[in-house]
Amino acid sequence: MTSFTVLGGPSSEQLARKIASKLKSKYVGCQLRVFPDSESKITLDDIPKGRIIVVQSVYPPVDSNLIHALALISQARKYSSHVYAVIPYMGYARQDKEFLPGEAVTMSLVAKMLKTAGASRVIVVDIHSMMALKHFTIPAKNVSAIEELVKHFKKLSLKDPLVVSPDLGGSERAKNFAGLLGVDYIALDKHRNRKTGEVSIRSSELHGVRGRDIILVDDMISSGGSIVKATEFLKKQKCGRIYASCTHALLVGDAEKRIRKAGVTKIISTNTIPGKTSIIDVSPVIVKAIS
Ligand code: R5P
């Protein structure tokens with residue numbers, strides 16, 4: 001039987017402990033020291049043995065959490081040639097191509113850095129796009145939290161629920177979610193101004209949403225702009241309650257407050273990013289991908 005040590009990074013300690021417990025593996029934590037000039041230093045609490053699973057999510061502060069992931073991987077590589085980088089939320093995945101001339105494709109750089117640091121495999125959860133995954137030249141696997149999210153929604157008593165993707169790009173995700181829940185889905189036509197980031201919904205009047213409870217499904221909620229615009233649009237169509245479900249709730253600034261003010265009853269997300277709304281545990285799907 002393969003023996004693992006799970007190395008929990010500062011951004012994912014609780015999730016890493018859950019993964020270690022499910023794998024019946026040793027857990028090793030680390031100490032983070034931040035110096036007055038903002039440099040940080042990571043020190044492992046113990047020597048990891050066997051294959052090493054580094055768990056470190058790259059949510060805000062993205063650059064700090066990324067450098068901590070790289071430092072952990074690089075240190076782990078000194079003890080093992082099998083270092084699995086579990087990056088539950090893969091920051092920079094939205095920068096997967098040059099949308100406007102001159103834009104750096106930072107996801108490509110991040111993929112190179114993870115490999116250079118010493119990762120032999122990468123596991124991510126609901127990465128923003130499959131194109132982002134293609135930047136890796138080491139085995140990279142995406143696992144989905146949708147089944148775990150759906151299990152939660154099955155327990156709620158919803159009125160004639162309808163799954164809605166805030167944008168056309170999320171149609172496949174909404175289709176999977178709706179399929180597992182056994183309900184219908186639709187996708188709105190969202191437009192984002194690439195220079196200002198401003199979001200607008202281009203869909204025209206919808207039939208068939210009146211009185212129905214809505215589950216807005218997205219991979220992530222960042223500024224909340226997409227969910228707020230979708231909620232305002234759906235409320236105008238006289239829908240029922242609106243739930244927002246996502247894998248990664250970044251909820252930057254006052255996003256949560258604005259989403260609630262727009263009329264969302266509840267936000268449900270996973271522990272790829274710890275927080276108030278992160279009630280769904282993704283450790284089962286990560287463990288399944290490892291073992
Ligand atoms: C966009 O393609 C993504 O799937 C999300 O809809 C988007 O990143 C959410 O960002 P925000 O909350 O800032 O609108």
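Predicted model: local features only at pLDDT ≥ 70, side-chain atom pairs only at ≥ 80, totals over all residues.

Biologist: How many bridges pair β1 with β2?

Modeller: Three bridges pair β1 (residues 4-8) with β2, in the parallel sense. Leu7 has Val28 in β2 as its bridge partner.

Biologist: Which strands stand at the edges of the sheet that holds β10 and β16?

Modeller: That open sheet has six strands in the order β10-β9-β13-β14-β15-β16, with parallel pairing. Its edges are β10 (184-187) and β16 (278-280); each has a single partner strand, so one side of each is left without a neighbour in the sheet. From one strand to the next, the twist averages 35°. Inside this sheet, β13 (residues 214-221) and β14 (residues 242-249) run parallel and are joined by seven bridges. Ile221 stands opposite Ala249 in β14.

Biologist: Which helix packs on the sheet and touches β13?

Modeller: Contact means heavy atoms within 4.5 Å. Helix α7 (residues 225-236) packs on the sheet and touches β9 (162-165), β13, β14 and β15 (264-270). The direction of α7 makes about 165° with that of β13. Axes are lines fitted to C-alpha atoms, for helices over the stretch in contact, and angles run from 0 to 180 degrees between N-to-C directions.

Biologist: How do α7 and α8 lie, and at what angle do their axes cross?

Modeller: Angles under 35 degrees count as roughly parallel, over 145 as roughly antiparallel, 65 to 115 as roughly perpendicular and the rest as oblique. The axes of α7 and α8 (residues 255-262) come within 9 Å and cross at roughly 5°. That makes the two helices roughly parallel. Gly225, Ile227, Val228, Thr231 and Lys235 of α7 meet Arg258, Ile259 and Ala262 of α8.

Biologist: At what angle do the axes of α2 and α3 cross?

Modeller: They cross at roughly 25° and come within 8 Å. α2 and α3 are therefore roughly parallel to each other. The contact is made by Leu66, Leu70, Ile73, Ser74 and Arg77 of α2, with Val110, Met113, Leu114 and Ala117 of α3.

Biologist: How many residues does α3 have, and how far does α3 reach?

Modeller: The expected span of a helix is 1.5 Å times one less than its number of residues. α3 (residues 106-117) has twelve residues and reaches 16 Å from its first C-alpha to its last, close to the 16 Å expected. α2 has 16 residues and reaches 22 Å, close to the 22 Å expected. Just after α3, Gly118 takes a positive phi of about 130°.

Biologist: Which residues of α3 are buried?

Modeller: Buried means under 20% relative accessible area, exposed over 50%, partly exposed in between (1.4 Å probe, protein chains only). In α3, the buried residues are Thr106, Met107, Ser108, Val110, Ala111, Leu114 and Ala117. Their cover includes α2 (62-77), β6 (83-87) and α4 (130-133). In α2, the buried residues include Asn65, His68 and Ala76. The buried residues of α2 pack against β1, β3 (30-34), β4 (40-44), β5, β6 and α3.

Biologist: Is Ser57 buried or exposed?

Modeller: Ser57 has 0% relative accessibility and counts as buried. Ser57 lies in the loop between β5 (51-55) and α2. Leaving out residues up to four places away in sequence, Ser57 touches Ser11, Ser12, Asn65, Pro88, Tyr89 and Thr272.

Biologist: Where is Asp167 found?

Modeller: Asp167 is in the loop between β9 and α6 (171-181). At 16% relative accessibility, Asp167 counts as buried. Apart from neighbours within four places in sequence, Asp167 is in contact with Ala187, Leu188 and Lys190.

Key:
Residues numbered from 1 in each chain as written. Heavy atoms only, no water. Pairing = 2+ DSSP bridges. Helix = DSSP H or I, 4+ residues; strand = E, 2+ residues; numbered from the N terminus.
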